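Morning, everyone. I have one structure to walk through today. Please take a look at the screen.

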Amino acid sequence: MQQQFDQRLRDNLDELSSRKLLKIEQEIVSPQSAQINLRAMGEREVLNMCANNYLGLANHQALVRAAHAGLERHGFGMSSVRFICGTHSVHRALERRLSEYLRREDTILFGSCFDANTGLFEALLDEHDAVISDSLNHASIIDGVRLCKAKRLRYANNDMGELESALREARHCRTVLVVTDGVFSMDGIGANLPGICDLAKRYGALVMVDDSHAVGFIGPGGRGTPARHGLEDRVDILTGTLGKALGGASGGYVSGRAEIIAWLRQRARPYLFSNSLMPALCEASLAAIDLAEDAEDLREKLTARTFQLRRGLSNLGFQVSGSDHPIVPLITGDAAIAVQISDYFLALGILVVPFSYPVVPQGAARIRMQVSAAHSAEEIERVIFAFRSARTHLGAGSPRSGS
Ligand SMILES: *Cc1c(COP(=O)(O)O)cnc(C)c1O
C-alpha cells in the first residue's frame with residue numbers, strides 16, 4: 001500500500017519533470033530586493049523581476065528597525081490564538097490602523113489573506129444565501145467559497161452580462177455576495193468595479209473585493225481599487241495581505257462594518273483555530289502603512305517603470321496582458337517556451353519565473369513579471385534588451401507576437 005502510494009507520487013513527479021513543468025524553488029541568500037543573490041548562481045547577483053515587492057519595502061530599514069524594536073519590547077511569539085491569550089495590544093493597534101487607512105469601521109487580522117478568504121464565506125453565509133464569484137478569482141476565494149453552504153454562481157472574468165444573469169438567478173436568496181479580486185494576479189487587469197457595484201446596487205447584493213495586488217500602491221494614498229474608482233462606500237467587505245506591497249512578510253485581514261468583523265471574530269475558523277501574528281511583524285506592518293500612505297514618490301516611480309516596461313515590450317511586438325498594472329504578463333501559451341525564456345534570462349542574470357498549469361489554465365502559460373519602485377530605469381531597460389535578444393536567439397521559441 002505504502003509503496004504503491006509513494007510510487008504513484010514519484011510517477012507524477014517524473015511526468016512533470018519530463019514535461020519541464022516541475023516548479024523549481026530558487027534559493028535566495030540575500031534580503032528580498034530589486035537585486036538578489038541566488039545560491040544556484042554561485043550566489044551571484046541577479047535582477048529580480050518577480051516579487052510582489054511593489055513599493056520596495058520588503059527590506060526597508062524603517063521596517064527592519066520597527067521589527068527589531070518590536071522583538072525587544074514584545075518578545076518573539078504569542079503561543080496562542082487570539083481569543084485565548086494571543087491578543088496583544090499591537091494586534092488591536094494594527095487593526096485600528098488598517099481600518100483608518102482603508103476607511104472602514106473595523107478590521108480583523110488573519111495569519112494570511114489565504115486564511116482570511118477561506119474563513120470568511122463559511123462564517124457569513126449559509127444555505128439561504130448566494131455567492132457570485134469571478135472566474136479568475138484567487139485560489140483562496142475559490143476554496144473559501146467551496147467551504148460554505150451558500151448557492152455558488154460564477155461569471156466569466158469581468159463579464160457584466162453573466163454577472164447580471166447570476167444576480168437574477170440568485171434574487172430569491174436571503175443575502176447575495178458578489179466577490180472579486182481587485183486586480184487579477186495572473187493577468188494584471190483590474191476588476192470592473194463600477195460595473196459590479198452598479199449591478200450589485202440594482203439587485204441589492206453585497207460586494208467583496210480582495211485587494212491583495214492593489215493595496216499600498218493603487219488609488220489615492222494607495223488605498224486600493226475601490227478608492228481608485230471612488231467606490232469605497234459601495235464595497236462592503238475588503239480583504240488583503242501584508243505579504244505583498246505592505247512589507248511583504250505575512251499576514252492578512254478583512255476590513256468592513258463593525259458587525260461583519262465582530263461576527264468573524266466569533267466564527268471564522270482560521271481565526272479561532274490558528275495562532276495570532278507575531279507582534280514584531282505587526283510593529284513593522286504599522287511602519288509599512290505609515291510609509292505607504294505617504295509614498296506618492298514611490299507610486300509615481302512604480303507607474304513610470306511600469307509604463308517603461310510595458311511600452312518597451314509592445315514596441316518589440318510582444319503581446320502583454322493588461323494596461324497599467326505593475327504585473328506584466330507575457331503569454332507564451334506553451335509552457336516549454338515560458339521555461340526556455342526563463343532559463344535564457346537567468347543566464348543573463350535576470351530572474352523571471354514561468355507560470356503554467358495549475359497556476360494558470362492549460363495552454364495559457366506565461367512569463368509574469370512584476371515591476372517594483374525599487375527598480376531603476378536602467379534595470380528595466382536591461383529587461384527589455386533581454387527580450388529583444390531572446391527573440392533573436394530563441395527563434396521559433398519566442399513568445400507569441402502581435403501587432
Ligand atoms: C496573494 C494573494 C492572496 C494570498 O495572500 P497571502 O497573505 O499570501 O495568503 C489572496 N488573494 C489574492 C488576490 C492574492 O493575490
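In which crossing does α4 pass α12, left-handed or right-handed? Left-handed. Bear in mind that this is a predicted model.

Let's stay with that pair. Helix α4 covers residues 89–102, and helix α12 covers residues 279–293. Their axes sit 9 Å apart, and the packing angle is about 20 degrees. Angles under 35 degrees count as roughly parallel, so α4 is roughly parallel to α12.

Who makes the contact? From α4, the residues include Val-90, Leu-94, Arg-97 and Tyr-101. From α12, they include Cys-282, Leu-286, Ile-289 and Glu-293. By class, the α4 and α12 contact has 10 nonpolar residues, two polar and four charged.

Second pair. Helix α14, residues 335–347, packs on helix α15, residues 377–394. Here the angle is about 120 degrees, with the axes 10 Å apart. That angle makes α14 oblique to α15. The crossing of α14 past α15 is right-handed. On the α14 side, the contact uses Gln-340, Ile-341, Tyr-344 and Phe-345. On the α15 side, Phe-387 and His-393 are among the residues involved. The tally for α14 with α15 is eight nonpolar, three polar and no charged residues.

Now the ligand. How many residues surround it? The count is 13, and the closest are Cys-113, Asp-210, His-213, Thr-241 and Lys-244.

The Thr-241 side chain puts an N or O atom 2.6 Å from a ligand oxygen. Lys-244 has a polar side-chain atom 2.6 Å from an oxygen atom of the ligand. For His-138, a polar side-chain atom lies 3.4 Å from a ligand nitrogen.

That's my tour. Questions, please.

Definitions and conventions. Residues numbered from 1 in each chain as written. Predicted model: local features only at pLDDT ≥ 70, side-chain atom pairs only at ≥ 80, totals over all residues. Heavy atoms only, no water. Axes fitted to C-alpha atoms, helices over the stretch in contact; angles between N-to-C directions. Helix = DSSP H or I, 4+ residues; strand = E, 2+ residues; numbered from the N terminus. Parallel < 35°, antiparallel > 145°, perpendicular 65-115°, else oblique. Left-handed = near helix turned anticlockwise from the far one by under 90°. Contact = heavy atoms within 4.5 Å. Nonpolar A, V, L, I, M, F, W, Y, C, P; charged D, E, K, R; others polar. Near = heavy atom within 4 Å. Polar contact = N/O pair within 3.5 Å; in protein donor to acceptor, adjacent residues only side chain to side chain.
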